[in-house]
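Keep the sequence and the 3D view open as you read.

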Amino acid sequence: MAVPGGATPPAEGVDPAYVKFIATYMKNNFKELSPYDPTEISTPRWAESVKGWTWFTCVHFMEHGHRRTYSLFFNQTAVVDARYVVLTDGCGKQTYSPFDLTSSGVRSGAIGDNGPIY
């Protein structure tokens, strides 16, 4: 169950590199997921799960012609638990950004995007 509150998130916050290992996780676990299908990711939040306190995000994607939502729980280096969304995850109330599975994870202009490098 993902319930915000309670424990204090790490002072350094979420590492922006999380988008890379979440993109890799999604590609490895959903073989039919096309990098060109519309995919979105929610802003990470600190939540309690069966694995303890972790970062938590939701991903919208297309699977066999249906829009699905997947919940991912992660620490600073890897996904520690994942599942199809359940009502208590609250994914329907989250804000989403386009999610690029082909490169760094977050599409240009999305939250967490560092912008162009000149």
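**H60 and the aromatic pairs**

Q: Is H60 buried or exposed in this predicted model?
A: H60 has a relative accessibility of 10%. Buried means under 20%. H60 therefore counts as buried.

Q: Which side chain makes a polar contact with the side chain of H60?
A: H60 lies in strand β3, residues 52-63. Beyond its neighbours within four places in sequence, its contacts include P38, T39, Y96 and R67. At 2.9 Å, the polar contact of the H60 side chain is with the side chain of R67.

Q: How is the aromatic pair of Y18 and F74 classed, stacked or edge-to-face?
A: The structure holds 10 aromatic pairs. In the pair of Y18 and F74, the centres are 5.3 Å apart and the planes 10° apart. Planes under 30 degrees apart count as stacked. The pair is stacked.

Q: How many residues apart are Y18 and F74?
A: Y18 sits in helix α1 and F74 in strand β4. The pair links distant parts of the chain, with a separation of 56 residues.

Q: What is the relative accessible area of F74?
A: Y18 counts as buried at 8% relative accessibility. F74 is buried too. The relative accessible area of F74 is 0%.

Q: What is the angle between the planes of F30 and Y84?
A: F30 and Y84 form an edge-to-face pair, 6.1 Å centre to centre. Edge-to-face needs planes over 60 degrees apart. For F30 and Y84 the angle is 80°.

Technical notes: Residues are numbered from 1 along each chain as its sequence is written. This is a predicted model: local features need pLDDT of at least 70, side-chain atom pairs count only at pLDDT 80 or more; totals for chains, interfaces and linings use all residues. Side-chain values use heavy atoms; hydrogens and water are left out. Helices (H or I, at least four residues) and strands (E, at least two) are DSSP runs, numbered from the N terminus. Buried means under 20% relative accessible area, exposed over 50%, partly exposed in between (1.4 Å probe, protein chains only). A polar contact is a pair of N or O atoms within 3.5 Å; within protein, one must be able to donate a hydrogen and the other to accept it, and residues adjacent in sequence count only if both atoms are side-chain atoms. Contact means heavy atoms within 4.5 Å. Rings of Phe, Tyr and Trp (its six-membered ring) pair if their centres lie within 6.5 Å; planes under 30 degrees apart count as stacked, over 60 as edge-to-face and the rest as tilted.
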